[in-house]
Amino acid sequence: MILEEAKKKDTKFLFNLRNLHSVRKYSNSSMEIEFSEHKKWFHSQLKKKNNLIFIIKYKKLSCGYLRANKIKDNYLISIAVDPIHRKKKLAIKSLICLESKINNDCQFIAEVKKDNKNSIYLFKKAGFDIKRVLIKKIIMKKKIKKMSFIDQIEKIRSKNNANWMDILRLAYKKAPNQTLEIMSKIYKSDNEISKLVRSFIKKK
């Protein structure tokens with residue numbers, strides 16, 4: 001899963017997703033919108049630096065969107081995932097990934113309709129707390145701390161480790177014997193490095 005900055009080419013995808021009944025039901029406005037109206041609005045939003053719009057990508061497919069509209073030092077968050085791509089944990093992963101995209105001291109704010117239990121559960125799971133309960137909606141917030149340079153490297157490396165494991169799974173699936181042979185060589189080399197480190201430590 002990756003977050004990709006939205007572009008004009010995503011106009012039709014966002015229009016179709018926004019007009020789905022399951023998405024409109026929990027939006028501020030549940031009315032269907034015309035394509036010309038949506039296109040005008042979306043293209044104007046792309047020009048605003050304080051309004052971040054990302055496309056949620058999974059296996060190169062557009063699966064949803066994630067918006068972060070900056071209001072002073074806060075970001076108003078909204079998210080939607082296409083029904084056919086739900087139950088893949090894309091929403092929770094996207095919210096967590098967003099923190100590294102913004103990476104400064106701020107607050108994330110989500111305004112969720114009271115009857116939208118799935119979204120309330122999602123934001124709670126992502127670390128949001130309920131701050132206010134209004135007549136029709138719930139205000140949820142999460143404090144975001146700017147990551148240090150080392151923390152950012154650690155986060156990127158953790159993702160890369162997952163990529164290496166995906167390569168290993170694929171290699172073992174396609175050519176198990178050759179994969180095990182290479183892994184054996186890597187293990188031997190790691191042992192040699194360990195021995196060198198131990199001998200160096202003893203000398204000190």
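Biologist: Are α1 and α3 parallel, perpendicular or oblique to each other?

Modeller: This is a predicted model, in which local features need pLDDT of at least 70, side-chain atom pairs count only at pLDDT 80 or more, and totals for chains, interfaces and linings use all residues. Residues are numbered from 1 along each chain as its sequence is written, and side-chain values use heavy atoms, with hydrogens and water left out. The axes of α1 and α3 come within 10 Å and cross at roughly 120°, where axes are lines fitted to C-alpha atoms, for helices over the stretch in contact, and angles run from 0 to 180 degrees between N-to-C directions. Angles under 35 degrees count as roughly parallel, over 145 as roughly antiparallel, 65 to 115 as roughly perpendicular and the rest as oblique, so α1 and α3 are oblique.

Biologist: Which residues in α3 meet α1?

Modeller: Contact means heavy atoms within 4.5 Å. On the side of α1 stand T11, K12, L14 and F15; their partners in α3 are F35, H38, K39, F42 and H43.

Biologist: How many residues of the contact of α1 with α3 are nonpolar?

Modeller: Ala, Val, Leu, Ile, Met, Phe, Trp, Tyr, Cys and Pro count as nonpolar, Asp, Glu, Lys and Arg as charged, and the others, Gly among them, as polar. In the contact of α1 with α3, 3 residues are polar and 2 charged, while the nonpolar ones number 4.

Biologist: At what angle do the axes of α4 and α5 cross?

Modeller: Helices (H or I, at least four residues) and strands (E, at least two) are DSSP runs, numbered from the N terminus. Helix α4 covers residues 90-102 and helix α5 residues 117-125; their axes come within 10 Å and cross at roughly 45°.

Biologist: Which residues of α5 make the contact with α4?

Modeller: From α4, the contact uses A91, I92 and L95. The α5 residues are L122, F123 and K125.

Biologist: How many residues of the contact of α4 with α5 are charged?

Modeller: The contact of α4 with α5 has 5 nonpolar residues and no polar ones. The number of charged residues there is 1.
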